[in-house]
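Below is a short briefing on one protein structure. Please look at the sequence and the model first, then read the points by topic.

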Amino acid sequence: MTNFSASIANPNQALWEKGDFTQIAAFMRQSGEVIVESLGITPEMKVLDLGSGDGTTAVPLARLGAQVVGIDIARNLVKAGNQRAAAAGLRNLTFQEGDACNLQGVADHSFDLTLSVFGAMFAPKPFDVAKEMVRVTKRGGRIVMGNWIPNDPTLVSQVLKISSAFTPPPPEGFISPMTWGVESHIIERFGQAGAPKEKISMVKDTYYFASPDKSPTQFIDLFEKYYGPTMNAVDAAQKSGRAEELHNQLVQLAEAQNKSKDVGVLIPAAFMRVTVSV
Ligand SMILES: C[S@@+](CC[C@H](N)C(=O)[O-])C[C@H]1O[C@@H](n2cnc3c(N)ncnc32)[C@H](O)[C@@H]1O
């Protein structure tokens, strides 16, 4: 399939293959390690990292000895993940292409933990995603999701909000990924998948985007060049002559949120941490 026909077949895949998320993920490694350390991982646990990208959480999971499978819809990120696993000598970590809406080929009750940090939230059919995550998780196991929160004032929610204000409206029936940050939707989706409310806990947590030497402007340049949702906004803004306006809004946001006292960035971003006992 050519890239053009692939993008018609699956716009979700095209969105994430359009850029290079590894460029953004480079700022997220520390928080990826922190979240993994909080999960009580023991060697030989079987873990699925869904929407794994190039392994921000999958690599630290494997370093703790778990048997880790990363599944991601973007083929460039699957390749980058497998390269990172090989470079780190992690034989207990593999990445493969797959869609969180339909994990065909993954057997029922395969994993002790299904983790998805800002991954499965971007798949277009949230009820199917919840069903698939419950299906592939062992009884007695856990699902842990990290989801951005709509209208939160911190970085990523605002980057996505600004980006969508410059992008043509989505097709009818499109369900915003940000709805995964809303408690009522989370309960409804997992409820339909067979996990009742009492089995779900939701707490606000914080991720940090960190770099010792990149400035907030350089950080935003990477979003504009490599982050699918922002790239689409830039394309549309260029057509309407508003690219500078978009750029200025994003830079202003990053500068206002930057907590680094020196050169570099340290930008917090709030997210909803969801844990489901299966
Ligand atoms: C914001 S990135 C996060 C990547 C990674 N979890 C991390 O923290 O670095 C979102 C990821 O979800 C993946 N993704 C989006 N839709 C997906 C789907 N339907 N199935 C599997 N992965 C998907 C993207 O390709 C991308 O790698």
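Asp-108, Glu-132 and Arg-135 are joined in a network of salt bridges. The model is a predicted one. Searching the whole structure gives nine salt bridges, and the points below begin with some of them.

**The salt-bridge network**
- Is Glu-132 buried or exposed? Glu-132 is buried because its relative accessible area is 9%, which is under the 20% cut-off.
- Arg-135 has a relative accessible area of 23% and is therefore partly exposed.

- Arg-75 forms a salt bridge with Glu-17, with 2.7 Å between the closest N and O atoms.
- Arg-75 belongs to helix α6 (residues 75–87) and Glu-17 to helix α2 (residues 11–18), so this pair ties together parts that are 58 residues apart in sequence.
- Arg-75 counts as partly exposed, at 34% relative accessibility.
- A salt bridge also joins the side chains of Lys-138 and Asp-112, at 3.3 Å from N to O.
- This pair links distant parts of the chain, 26 residues apart: Lys-138 is in strand β5 and Asp-112 is in strand β4 (residues 111–117).
- Lys-138 is partly exposed, with 28% relative accessible area, and Asp-112 is partly exposed too, at 22% relative accessibility.

**The sheet**
- In general, the strands of a sheet pair through backbone hydrogen bonds, in either a parallel or an antiparallel way.
- This structure has an open sheet of seven strands with mixed pairing, in the order β3-β2-β1-β4-β5-β7-β6.
- Which strands form the edges? They are β3 (93–97) and β6, each of which pairs on one side only.
- On average, neighbouring strands of this sheet are turned by 20° against each other, direction ignored.
- Strand β1 (residues 46–50) pairs with β4 in the parallel sense, over three bridges.
- Val-47 stands opposite Leu-113, a residue of β4.
- Helix α6, which holds Arg-75, lies across β2 (67–72) and β3.
- The angle between α6 and β3 is about 170°.

**Helix α9**
- Which residues of helix α9 (residues 183–192) are buried? Ile-186, Arg-189 and Phe-190 are buried there.
- These residues cover an arc of only 90° around the axis, and therefore lie on the same side of α9.
- The elements that cover the buried residues of α9 include α7 (126–136), β5 (137–148), β6 (200–211) and β7 (265–277).
- Just after α9 comes Gly-194, which takes a positive phi of about 105°.

**The nonpolar core**
- The largest nonpolar core contains 89 residues.
- Trp-148, Phe-190 and Phe-209 have the most contacts inside this core.
- Strand β7 gives the most to the core, with seven residues.

Definitions and conventions
Residues numbered from 1 in each chain as written. Predicted model: local features only at pLDDT ≥ 70, side-chain atom pairs only at ≥ 80, totals over all residues. Heavy atoms only, no water. Buried < 20%, exposed > 50% of the residue type's maximum accessible area, 1.4 Å probe, protein only. Helix = DSSP H or I, 4+ residues; strand = E, 2+ residues; numbered from the N terminus. Arc of directions from axis to C-beta. Contact = heavy atoms within 4.5 Å. Salt bridge = Lys/Arg side-chain N within 4 Å of Asp/Glu carboxyl O. Pairing = 2+ DSSP bridges. Axes fitted to C-alpha atoms, helices over the stretch in contact; angles between N-to-C directions. Core = buried A, V, L, I, M, F, W, Y, C linked by side-chain atoms within 4.5 Å.
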